[in-house]
Amino acid sequence: MSRKSYLFLALLLVMSLALAACGGTDNAANQNTANEANAVPEAMDDPEPELIAEAGESILERVKANGTLVCGGRTSLLGFGYLDADGNTIGFDIDLCHAVAAAVLGDADAVEIVPLDASDRGPVLQTAEVDLLSRNVTWTSSRDAQWGNFTTIMFYDGQGFMTRADSGITSSDDFDGATVCVTTGTTTEQNLADFFRQRGMEFEAVAFAETAEVYSAYEDGRCDLTTSDLSQLASVRAGFAAPDDHVILEGAISKEPLTPAVPHGDDAWFDTVKLVMFALINAEELGVTSANVEEMKSSENINVRRLLGEEGDWGYGDLGLSADALANAIAAVGNYGEIYNRYFGEGGLAFELPRAINNLWTEGGLIYAPPVK
Ligand SMILES: N[C@@H](CCC(=O)N[C@@H](CS)C(=O)NCC(=O)O)C(=O)O
């Protein structure tokens with residue numbers, strides 16, 4: 001079988017799984033879930049999608065030809081991908097789209113954000129309908145095999161539970177028999193089923209494809225608990241009318257490494273996106289900020305000059321980028337810490353979230369990037 005037929009068959013298989021269960025392999029919990037997720041996402045309408053790898057088309061060339069980076073994102077997750085007062089999509093995940101656009105196009109605003117449901121994430125990568133997926137998505141082995149290439153972990157998260165402060169639930173010891181509101185097509189759904197099964201406890205899932213419905217059902221009192229990535233719970237709680245009426249319970253039941261992804265089949269593009277992320281992280285480590293990037297071009301630190309394209313070649317020649325591509329990305333959105341603090345720092349735009357393990361490795365966290373050189 002040719003690679004193209006194989007890929008197309010694989011795509012059909014994944015689409016049918018998505019139709020049956022919403023979300024590829026993340027369907028272990030579906031014995032407990034309803035059918036709200038059965039609509040075909042718009043992104044899957046094309047019956048014979050153009051597969052980038054097969055067409056030999058370079059995503060960088062496509063982005064340059066279009067003059068725009070098509071970024072799969074979210075528009076309703078406070079802090080990560082959401083609308084500001086002027087209707088612009090902003091957030092921690094969205095800033096990466098701007099950084100990549102600044103690096104490859106020299107224009108941070110040349111970005112089209114495509115809002116995606118959880119169940120759209122695999123299909124839009126498989127059909128290469130987006131150049132980059134930068135929205136809450138956990139890197140798992142099956143998604144890596146089936147969906148696309150996962151770049152580098154941008155946010156270390158874990159799954160937790162939220163309950164009403166007066167629910168009487170204070171830990172998982174009180175969970176048996178609980179009703180739990182959850183989003184379909186997510187790792188959340190599978191972890192929830194695993195967690196209860198592993199402990200021989202019963203639960204009833206109240207499941208929806210859209211997170212907004214999950215939380216409004218929870219707020220309406222239809223569930224004892226709701227569960228998701230802890231960052232997402234913090235985001236949602238911050239948006240509630242009375243946040244203090246809700247408690248996020250201590251502890252995480254899973255690892256959720258949130259990781260932007262690109263379509264399979266274009267190594268140079270995969271490398272380019274990773275490199276932009278490495279640059280944002282190294283910039284923080286080296287003290288390069290959006291404010292000082294110009295003056296840092298003449299820094300005495302050779303690693304700083306190299307990052308900013310003033311010394312040697314960090315790979316831009318091979319990738320078809322300009323020497324100042326990474327400097328442009330940093331100038332546009334700032335370093336990793338600036339991005340984090342813009343939304344989650346003290347006085348940030350969204351809500352306060354301590355950096356904890358999302359701090360630099362030099363500060364005791366897990367954020368670490370290979371050197372740019
Ligand atoms: N990190 C988990 C959870 C993802 C998740 O819950 N995503 C939510 C919020 S970002 C979602 O996509 N909801 C669908 C929607 O609200 O449209 C995963 O990758 O599966």
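User: Let's start with Asp-157. Is Asp-157 buried or exposed, and why?
Analyst: Asp-157 counts as buried because it has 23 C-beta neighbours inside 10 Å. The cut-offs are 20 or more other C-beta atoms within 10 Å for buried, 12 or fewer for exposed, and partly exposed in between, with C-beta atoms placed from the backbone. Bear in mind that this is a predicted model: local features need pLDDT of at least 70, side-chain atom pairs count only at pLDDT 80 or more, and totals for chains, interfaces and linings use all residues. Residues are numbered from 1 along each chain as its sequence is written.

User: Which strand is Asp-157 in?
Analyst: Strand β8, residues 155-157. Strands are DSSP runs of E, at least two residues; helices are runs of H or I, at least four; both are numbered from the N terminus.

User: What does Asp-157 touch?
Analyst: Leaving out residues up to four places away in sequence, Asp-157 touches Asp-229, Leu-230, Ser-231, Glu-256 and Leu-258. Contact is C-beta atoms, placed from the backbone, within 7 Å. Asp-157 and Glu-256 are 99 residues apart in sequence, but their C-alphas are 4.7 Å apart.

User: New topic. What is the strand order in the open sheet of five strands?
Analyst: β11-β10-β12-β9-β13, with mixed pairing. Pairing takes at least two DSSP bridges between two strands. The edges are β11 (203-208) and β13 (246-248), each pairing on one side only. On average, neighbouring strands here are turned by 30° against each other, direction ignored.

User: Which helix packs on that sheet?
Analyst: Helix α8, residues 211-219. It touches β10 (178-183), β11 and β12 (225-229), and its direction makes about 155° with that of β10. Axes are lines fitted to C-alpha atoms, for helices over the stretch in contact; angles run from 0 to 180 degrees between N-to-C directions.

User: And how do β9 and β13 pair?
Analyst: Antiparallel, over three bridges; β9 is residues 159-164. Met-162 stands opposite Ile-248 in β13.

User: Switching to α4. Why is α4 largely enclosed?
Analyst: 14 of its 14 residues are buried, so the rest of the structure largely encloses α4. Gly-106 follows α4, with a positive phi near 70°.

User: Last one, β1. Which strands does β1 pair with in the parallel sense?
Analyst: β1 runs parallel to β5 (residues 111-115), joined by five bridges. β1 also pairs in the parallel sense with β6 (residues 132-133), over two bridges. Gly-73 has Pro-115 as its bridge partner in β5, and Cys-71 has Leu-132 in β6.

Terms used. Contact = placed C-beta atoms within 7 Å.
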